[in-house]
Amino acid sequence: DCRVARSVRLVIDAYDRGVDWRETRNIVVEDSADLGWFQAPANIAFTVLGLLYGEGDFKKSMILAINCGDDTDCTGATLGSLMGIMYGTSIIPPDWQRYIGDDIITISIIRGFGLFPRTCQELTDCVMNLLPVTTRTDNMTLMHRGGHGFSVDAQENNFEGVAAADFMGRAFVERMFNRSRYSFTTENVFAQALVEFDREPVIAAGGSLSGRVSVRLLRMCEQKRFSLHWHLPEGWTVSGGMSLHVNAMHSPLREHAAAAFTLTAGDSVAGNNRLILEITCAGRPTPVLVPITILG
């Protein structure tokens, strides 16, 4: 019953009734007028419009969807990706293949820095190589529930009986969803630290800021105790838990894996106040050093 579903149903209904694609586009625009431009419901509906009215023709599908206007680059990319998944590169007509080519040419974010895929084929290979990781059942889930999970390789195309919740990435999604809006992570070779603030990290002289820090084991399967050491600007203080206990990776118990804290600023507060949280673990020489910036 969300707005995306509503917009998509409008397109499907209009197509089934034989409504011209232009009129269908206007129906979607009118229905989404209260949302404004560059919103998901209308643009996903335009993608569906291209799929339906294009009737399997790549050129026709892309032209119709993009000519609906609004967020055209995203609409075209989404539609092109879907048709590529369904039909492969053979769906792209020869004249477009010659013009577009296989090279990835961009001046947007990367601007030539770093090792990035140079062609669409290299990018596809990178994505396919992730399948064994993203579709396997993680060790902690296996140990907790027993039995065998599932894995999918690049050659498989039958996902019958596989639900989205079965994928390894589901745990990551749930962790992100449950995090504070003002949070970040830092990690070293064996653990990941999550710092969450209860509100935006801004503080005034003599003011306070509360939050919590938690630790997740990455490569150590046994239970561990971590100590927290704060390195603060002159005149600042911190109160709260100075240690936390993380159970074994297969344990469902996590209530002691976080420690609450309250930072109190001194009389002097700069525009950018830099703190360091040092998290140490007995028997491990390398600490997790968490740089924290709080605005004044």
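This is a predicted model: local features need pLDDT of at least 70, side-chain atom pairs count only at pLDDT 80 or more; totals for chains, interfaces and linings use all residues.
Residues are numbered from 1 along each chain as its sequence is written, and side-chain values use heavy atoms, with hydrogens and water left out.

**View 1. Helix α1 packs on helix α2.**
The crossing is right-handed, meaning that the near helix is turned clockwise from the far one by less than a right angle. On the α1 side look for R3, R6, S7, L10, V11 and A14, which meet T24, I27, V28 and D31 of α2 (contact is heavy atoms within 4.5 Å). This contact has 5 nonpolar, 2 polar and 3 charged residues; Ala, Val, Leu, Ile, Met, Phe, Trp, Tyr, Cys and Pro count as nonpolar, Asp, Glu, Lys and Arg as charged, and the others, Gly among them, as polar.

**View 2. Helix α3 packs on α4.**
Now for α3 (residues 40-54): its axis and that of α4 are 8 Å apart, at about 145 degrees. α3 passes α4 in a right-handed crossing. F46, L49, G50, Y53 and G54 of α3 touch K60, S61, L64 and A65 of α4. That's 5 nonpolar, 3 polar and 1 charged by class.

**View 3. α4 packs on α5.**
The angle is about 155 degrees and the axes are 9 Å apart. That makes α4 roughly antiparallel to α5. From α4 come F58, S61, M62, A65 and I66, and from α5 come T72, T75, G76, L79, G80 and M83. Of these, 6 are nonpolar, 5 polar and none charged.

**View 4. The second largest pocket holds about 1200 Å³ of space.**
A pocket is an open set of points on a 1 Å grid over the protein atoms alone, where a 1.4 Å probe fits, with protein on both sides within 12 Å along at least five of seven lines; lining residues have an atom within 4 Å of a point. Its volume is the space filled by probe spheres set on the points, which are joined across faces, edges and corners. Of the 29 lining residues, G80, G84, T89, C120 and T124 are closest to the centre. α5 gives the most to the lining, with 8 residues.

Terms used. Helices (H or I, at least four residues) and strands (E, at least two) are DSSP runs, numbered from the N terminus. Axes are lines fitted to C-alpha atoms, for helices over the stretch in contact, and angles run from 0 to 180 degrees between N-to-C directions. Angles under 35 degrees count as roughly parallel, over 145 as roughly antiparallel, 65 to 115 as roughly perpendicular and the rest as oblique.
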